[in-house]
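The following note is intended for a colleague who is meeting this structure for the first time. Please read the numbered points alongside the sequence and the model.

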Amino acid sequence: TAPSAIGGGPSIGSSSAVSSQSVATVAAADGGPPPSATAAAAAAVSPDALLDALDFSTNSRYYSAPAKEETSKQDDNDEQQSQQQHDFDPIAFLNQHYYTEQQLVSALPTLRSAISTRLTTLDDSLSTTLRHQASLAPLISQDVLHARNAVHQLASRMHSVKTQALQSESAVIEITRDMKRLDYAKRHLQRTITALKRLHMLLHAAEQLRMAATIDPSTCPIPNYRAASQLIDATRLLLGHFDGYMNSVPKMRQVRDAIGMLNSQLREGAVNLFREVGFQQAEEEEEETAPMVVGALSDACLVIDALGEKSKQDFVREFISDHLEEYESLYSPFPAKKKGNNSSNSNNSDKKKGGSNKNKSDAPGSPPKSFKKSSTASSDDVTNNEKTPSSSSSTTNNSNSPSSSLDQVEQRFAWYRSKLRSLQLKFTNVFPLHWNLYYHLTVSFLERTARHLKFILKKHSATVRIAPFNPNTKEGGGGDSTMATPSMVMSASAVTQAASKFGMSVNSTHGDGGGAVAAAADGLSDGEKAVTALLKALQKTILFEKEMSAWLSRDFGTQFVDPSEVVANDAKKKRGDDNDNEEGGGEEALEFDDQGRAVAAGSAEGIRIKYERRKRTGGGAGSNRQGGSGGDPVPQLMGIASVTFDNYMSPYVALEERTMDEQLHAAIADTTVDNRGAQPVFVSSTNLFIYMKNSITRCTALTKEKTFFLLQRSFQKKLQSYAKVLDKKLPQPQTQIAAKMASLVDSTQTTNTVYRIPPGQEVTVCYVIDTCEYCADTVEALEDLIRDKIGSKYQNKIDMTEEQDAFQDVTAKCIRVLVSGLEQRLDAPLKELSRTNWSSFDMVGEESSYVRTIQLTIHPFVTEVRQLIPSSYFRSFCDKFALAFASTYYRTLTGLKRISEAGTQQLLLDVTTIKSLLLKLPVLEAEKKPGGATRHSNVNQSKSLSGASTIAPAMYTKMVNKEFRKLEVMLKL
């Protein structure tokens, strides 16, 4: 090729080195035109154009390298390989422009000349450029020097500006130094003057507080508590400004300690004053406190309030403890302690209470004496003992005392009512409403009562036993001649409901209520009497909680909160359409007399009690109020003591269960039917649900929590038992062997259990179906009723689907019994079919005699069933019977041995007749009697499964045609 010729390689004459074919191949590989097409063009290429193309080719190859390969150190090897691929290839360049050696050789002289010219031009350009750069070198040096000098000047100016700024700052600080000194002096002076003023005010307030706390027997026997309350607030605020000086200034600590001693002295004096008034001599208990003392007590409350929240809480706790200590000693059921311990505790308690009513001038800081001890040690104990049990009895009180009995619960509440009347007389308009002192006193009383009742109920529950129902004895296993029912035991509840509506007393010691309870308790066993006492105690406790809530709300404006207010409102809305006789359907306003008897507020007795109370208190309701509201809402009183009974109500639930067991035992033999409803049902079912509803009313009047939940569980068990009772009313099943021995079924039958229904007994089976339907629907309503009334804690646990399933299972069994019973009645005509000699038939007549027997058997049975059971169950009966009878009929026909042609035609006629009968089965109607009316009220309601239509349902028709088509095909073959 060309380089070979230029570089002195093989001579041009050796054509084997470079052939025209190889030149053409190289040219084609480089994308050039073939030699024959471009020979003339290549010869005409000028040397300058060739050199320009060479420059362009090298430049384009150099600058075409990827930029990313030049900037990445990681890809250096790839860049080198790429550059090698893009290096200039002179051989390929020459082959692109010269396709033969002759062209190249002929162009070499001109090409050499052009290259020389270009080299000369390039040398001239380089020389010119070098001379120009040499002439510019001094100017560049001068420019660099000028730039360096400018940078130095700028740095010098910046340093000068910084120095001047520092000097200016120092001058400003020097100028304002005196101003700051004067400012600090002014600030300290103001603080000093303010501190001196506050100190002067503090010392003056402390002196006034000391004077207010001073007691002068002649002029001022009681401290000026009203002024002291204001001074206590002032001294507390002023001392707060000196908290930072307490550790560094001893005098301030002395002032603080002195004020603290005055505060303690005032508090002790206030407490002693309340104890002196609260535990004064017995003959003065029923007299009102002097107005001056009442004013002092009210001012003392202001002092207690000013001393802070903790002081108020301690005072309320001590006040409650003092006035309920007698209650603990009189009614505590816990075993009594040793006398030595009691006396020592009494002395310690007396020392704690402090003061003496005979020496009011004793210093407040002196050792306290017990007013209660002085009161009980006086000669007037006889008068006191006439009103309350003696203190000596309290020292011997133990768990065997009468106070530990449930029958004495009312005495506890009577004692508290007496205590409240005494406190209201002594402390009229004394305590601020926002203290809610009487509310806290009542809460403490109920909590103590709850502890006592818990101990009593534990002992009570260990001795109570309700004998289970025994059907083999008349007395039910209890050994008494009279069997108690919850309605008898709950006669006290009936009295309570009557009291809330007619103003009658519910207390056993007042009015007619006690006589009613006593009459109900006659002839009861010990366990039943214990249940009576338990329920009566619970009713008294609930009524007392309602009484106290009404009293606090009416006389003191106490507001009660209800955490479940939204749930309660929703429940009331749902109960809006309930029976008005149900307790809890709406809260009726009650009034309570001095003995705690509840009467309806709208009755004559309630109006009389209300106006007597207003007259006694000197004004309308709320005359005890000092103005304002009763403070923030407080928790409800309901349930504080009564909730204790909830864990010990199992005897009551057992008594309810026993009564329901009696009803279930009676229901086994009771066949009385109630025809007043849409469907006839056994009276025992309606009686059972009425009893359950009444039981719910009785229980919810007492509690809606655990006891109600246990009662609901009892309902579930008894409903399951009643489903078994209904099941026992059905005919007893017969095994296949027994049925064969009795010749009741054909030997070809394959069922395991068959039922034989005596004539007329199908009515009882229908009554069982109707009763089960009624029970299943009523159980669902009962579940909703219980879920609405029971506490929210147990609402999600109420589920009575198993009981509904139990009744539905009995219904399904009844359908099977009806189908099997009707099949057994058709056994005789089918036997007649089997015994007939069908091979001797020589002509076809009317339907056979067995067909007429089948018609006479099916028609009255089906019409009777249709009149008595719901249409949905009747449709199921028709489907099952048609299918079962078609199968039995098919087996009977296949068991026939020899049949003549006429016999076959006769059988086809019989099959058609029976099929027509079965097709009309769902719409069969009873034959109308001359009277025109049937004996059942729901005949018109179940004439057919499709309203007034006399056409059987399409699905039923399709099923019957399908079954009898097999018979027809078999006989035709």
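**Notes on salt bridges and a helix**

1. Arg554 is buried, with a relative accessible area of 17%. The model is a predicted one. The side chain of Arg554 meets that of Asp555 in a salt bridge, with 3.2 Å from N to O. Asp555 is buried as well, at 8% relative accessibility.

2. A salt bridge also joins Lys310 and Asp314, whose closest N and O atoms are 3.2 Å apart. Both residues belong to helix H12 (residues 309–331), where they stand 4 residues apart, about one turn of the helix. Lys310 is exposed, with a relative accessible area of 61%, whereas Asp314 counts as buried at 16%.

3. In helix H8 (residues 101–213), Glu174 and Arg177 are 3 residues apart and therefore separated by about one helical turn. Their side chains form a salt bridge of 3.3 Å, N to O. Glu174 is partly exposed at 47% relative accessibility, and Arg177 is partly exposed at 40%. An α-helix has 3.6 residues a turn, so residues three or four places apart point the same way.

4. Salt bridges also link Arg267, Arg275, Glu318 and Asp322 in a network. For the model, the count of salt bridges comes to 31.

5. Helix H29 (residues 762–789) contains 28 residues and spans 40 Å from its first C-alpha to its last, close to the 40 Å expected at 1.5 Å a residue. Of its 28 residues, 20 are buried, so H29 is largely enclosed by the rest of the structure.

Technical notes
Residues are numbered from 1 along each chain as its sequence is written. This is a predicted model: local features need pLDDT of at least 70, side-chain atom pairs count only at pLDDT 80 or more; totals for chains, interfaces and linings use all residues. Side-chain values use heavy atoms; hydrogens and water are left out. Helices (H or I, at least four residues) and strands (E, at least two) are DSSP runs, numbered from the N terminus. The expected span of a helix is 1.5 Å times one less than its number of residues. Buried means under 20% relative accessible area, exposed over 50%, partly exposed in between (1.4 Å probe, protein chains only). A salt bridge is a side-chain nitrogen of Lys or Arg within 4 Å of a carboxyl oxygen of Asp or Glu.
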